[in-house]
Amino acid sequence: MIPKPIRTAARRWQVAIATVSLWVTAAQPAPQETTKPDAQTPARNPMVVADLWIFEPAGPAERVTVPARVHLKNSKGDPVHPDGFPAWQDHFVCDGRARLELPAGDYSFEIERGPEYQRASGSFSLSEATPTQIPVRLERIANLASEGWWSGDLHVHRHLEDVPLLMRAEDLHIAPIITWWNQSNPWTEPPLPTEVPVRMDGNRFYHPLAGEDERDGGALLYFNLDRPLEITGATTHYPSSVVFAREAFWRPVRWIEIEKPFWWDFPMWLAHGFGDSIGIAQNHLQRSGVLDNEAWGRSRDRARFPGPWGNGLYTQELYFHALDCGFRIPPSAGSASGVLPNPVGYNRVYVQLEGELTWPKWWAGLRAGRCFVSNGPLLRARANSQWPGHVFRSRGPLMVHLEAQLDGREPIQAVELIRDGRAERITLPGQFAFHESGWFLVRAVADTPHTLRFAMTAPWYVEIGDPPRPARGRSARLFLDWTRDRMAALEKRVELDATRKAEVLEPWRETERFWEDKLAQAAKTVPVTGRVIEETTRQPVPCRIYVQRSDGRWFFPASAVPHGSAIRYERRATPESFEYHTTLSAHPFELELEPGRYTFTVERGKEYRTATLEVQVGDDPINLELPLKRWVNMAERGWYSGDTHVHRTLADLPNLLLAEDLNVAFPLSYWVTEGFAAPTSNNRAARETAGAELIHVDATHVIWPRNTEWEIFSLHNRAHTLGAVFALGHREPFSLGAPPVGPIAAAARHQGALLDLDKHDWPWSIALIPIMNIDLFELANNHHWRTEFGFTRWSTPAPAYMKLETSPGGGDERAWTLYGFQTYYALLNCGFRLRPTAGTANGVHPVPLGFSRVYVHLPKGFSYNAWKDGLNAGRSFVTTGPMLLVSWMADQVTGTVLSREPVRSVELVLNGQVKSFTLQPVRNSEGAWESTFRLPLEFPSTSWAALRCFEEHPHGRFRFAHTAPHWFEIPGQPLHPRQAELDFLTARVRDELARSRERLPPAAIAEYERALNVYESITTRSD
């Protein structure tokens, strides 16, 4: 059990200081901490004086002394508490200057000042002969007060006389100090303080009249009361905690904090309307570890919540259940410093305010939910420009754009969106859709295995349509069962006589009726479980799954086993262009569905047929089996697939690669959108460490983690779109911004990276090709989607000579595709031997990973290096559907088309000229449509040839495949472009040069001029 509040100060040992000329600036990992008192110092050990100075740089030559917390240890690792400073457990605080008397010897220290400063660590030795000065520099990570975020710790048990320095040392602004509780009330005789709260430094406040009712059912904290509650006469069970909560409820400006949600009385407090906030960053989560139990509360299932993170994640899940029952209570934080080992403010809640901080404004902001809790990371998030606590109201589906700033001392392991209680990883900034009423919040978890160090926003709420969403049945059932368990336990309490037992049980009987009503009102749902299997082997298989109700709503399964994974994906570009799916590992899935008719659709990459199942959900649980059948096995034929434009996290990609049967992925772990900025300093990609080692998901599915995108939309904070180019497969991060781009190309070549042109219509694309000697052209690019085509307006219109059916500024899916093809052909005719590739921008666009993919031929088997070399050599084809396998000879080309739907013709492209040949597709033994062909070739001069085909789908949709070009050299007969092609390319560079001349530096303009010279020096052919 947690010890009761300790009212006496921690013992302070008389140890002193010494002086060492030591400059300490590095933030280093903390050594293992201990809370045992230091041993008595032998009398023969001489004492030495040292002067500690803690400062913050305020300018080039200015240093400002700052109060801070000091963790000082002797050579044995015992904490040292110098005399004269407020101390607790393994630390003491000072105002930034401290004269210490210590025995001579070796010491180590860590110095912190709340979460907004880097930790300073170091060591020093003290000798009798050498005076010591110890200057320690603290560097700020962030200044949240300057952003309108003000911090508070709602569970403090420290001496009132120490509180001002404690708050300054932790840079804490709000603290109710618990001075009365069940076993003592120091305010019975002395007069009550007349000026509350106490204000200091202009923007720090503490209130000395906070109290705690902590008994068998748990703890409620009471703030902002004009006088204490008289609770010292309460026994372990009697009276009910509701009795005192009712008394406080009618006091002016009172605040009742549910100290932790796993206390047994939690369902009763909710049912009776007590709880202005709930402690989520709570005192079992500690700086040096975790109090790994639920004390006398409702114990967690340790199989579901194992290890040091278990207690904290269990706490959060219970809070999520309360939200799912319609309670809109903000999360809060408390450290219990003075009872448990935490420093003051280790767990804290930040509240967003406009203007000056005042005590009433802070509590009003907390009540509104404009807050986040933290014991480390600093997470400031907005959804559709609104702070947490906002209620979104919509008549139909709501698209949410999430932006955040995240800082902290430790690396972040994961950033998660929690939506209606379910967690999914998210990249910031990000977007997602709401199809029905609910709530969401954001959580960031640090990479600290010994304790759960996290930040979590308060919820945002979504109301779609008129009726509010009823409670979720599983959550209401949880609290009803909890209530009945508690009532059964109280019935057995022999120390309560019949009268008192009846009094204690009466509020629980009201609680039972409350949760029975909640459950009756809850939307009826039915558990649906299932598994996706490979039809032939009957083995589970990873996949992508879509679940849609007949009324148009979408649902997202979860994995039914702890070691499985289910990753939800929602992107929408237009009302008609959206992608809502879940990628599942090879494990069973589960979801709760209301009665109705649902369509389950399952896919896996390109090589499996789509499986669709109509399901009528009624009153009984359903177990489904969805078989997937291959129509082609490209790996058996020596072909392996990749996606070279990926915006997903390294944590998500193992699940995704297997679900899409994609062999190689190049996540853009560095992504810069501001001109001239280095990707390392202005990275829009996920906050995760991208190393330079290949990640093996299995023997044939791999991830190269270090890739960079320069996608320039602005120059010096003014809009000016240039476009995008990628460096794929590099080993070291780039410190070069763009433009100019020549140095980037040289650095990429030095690292063995490939340069990939994102899209042909970007303003700078045509100029980049000769400047950077681009390797790859995304012939199947991120505007090709499984859903409806959405990019009908293009950055640069197609020229007239292409004879495309377009509207002003753009066109449809077929025109877009042919525009890309013909631009590619013009570049090939100019002698730029670009190899085709494919990329989806999954993570940004409404498209599955690998929907557009490039297959590389590896007859000797798969390896990453061989795949990358094959891509660079052009032993490849790109596809959004059909498979196009060809063999080139001097006078003919032979090949096979394999497809799910019949492909009626294949097109030979010779130097940009297209000739169609009819095919006669037949079903093969795998169920695919197969056609073989043999086409004659004749070349009067140096030429290139490629093949393409189109697989027609209903409603004008289509899928295509396109091979890499094959080159035929004829000595003395060079290849030339047509005049219209060259005019188009030259005009593109001239236009971009004119558009950017006044915006770009001379070096970038010189690059454009060199590119223009290259195009102008090319001669054309007569035809």
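**Exercise 1. Find what covers the buried side of helix α2.**

Solution. Begin with the cover: the buried residues of α2 are covered by elements that include β13 (204–215), β14 (218–223), β15 (255–258), α3 (266–271) and α7 (498–521). Contact here means heavy atoms within 4.5 Å. Helices (H or I, at least four residues) and strands (E, at least two) are DSSP runs, numbered from the N terminus.

A word on the model before we go on: it is predicted, so local features need pLDDT of at least 70 and side-chain atom pairs count only at pLDDT 80 or more, while totals for chains, interfaces and linings use all residues. Residues are numbered from 1 along each chain as its sequence is written, and side-chain values use heavy atoms, leaving out hydrogens and water.

Next, which residues of α2 are buried? In this helix, residues 241–249, they are S241, V242, F244, A245 and A248. These residues lie on the same side of α2, because they cover an arc of only 165° around the axis. The arc is that of the directions from the helix axis to the C-beta atoms. Buried means under 20% relative accessible area, exposed over 50%, and partly exposed in between (1.4 Å probe, protein chains only).

Finally, the general rule: an α-helix has 3.6 residues a turn, so residues three or four places apart point the same way.

**Exercise 2. Trace the sheet that contains β7.**

Solution. Start with the strand order, which is β4-β5-β3-β7-β8 in an open sheet of 5 strands with antiparallel pairing. The edge strands, β4 (87–88) and β8, each pair on one side only. Two strands pair if DSSP finds at least two bridges between them.

Now look at both neighbours of β7. Strand β3 (residues 68–74) is joined to β7 (residues 105–112) by 6 bridges, and the two run antiparallel. Across this pairing, K73 stands opposite S108, and H71 has E110 as its bridge partner. On to β8 (residues 120–126): 7 bridges join this strand to β7, again antiparallel. Here E110 stands opposite S121.

**Exercise 3. Work out which strands sit at the edges of a 4-stranded sheet.**

Solution. Write down the order first: this open sheet runs β32-β35-β29-β38, with mixed pairing. Then read off the ends: β32 (558–559) and β38 (622–628) each have a single partner strand, so one side of each is left without a neighbour in the sheet.

**Exercise 4. Describe the whole chain.**

Solution. Count the elements: the protein chain has 14 helices and 61 strands. Finish with burial: 61% of the 1023 residues count as buried.
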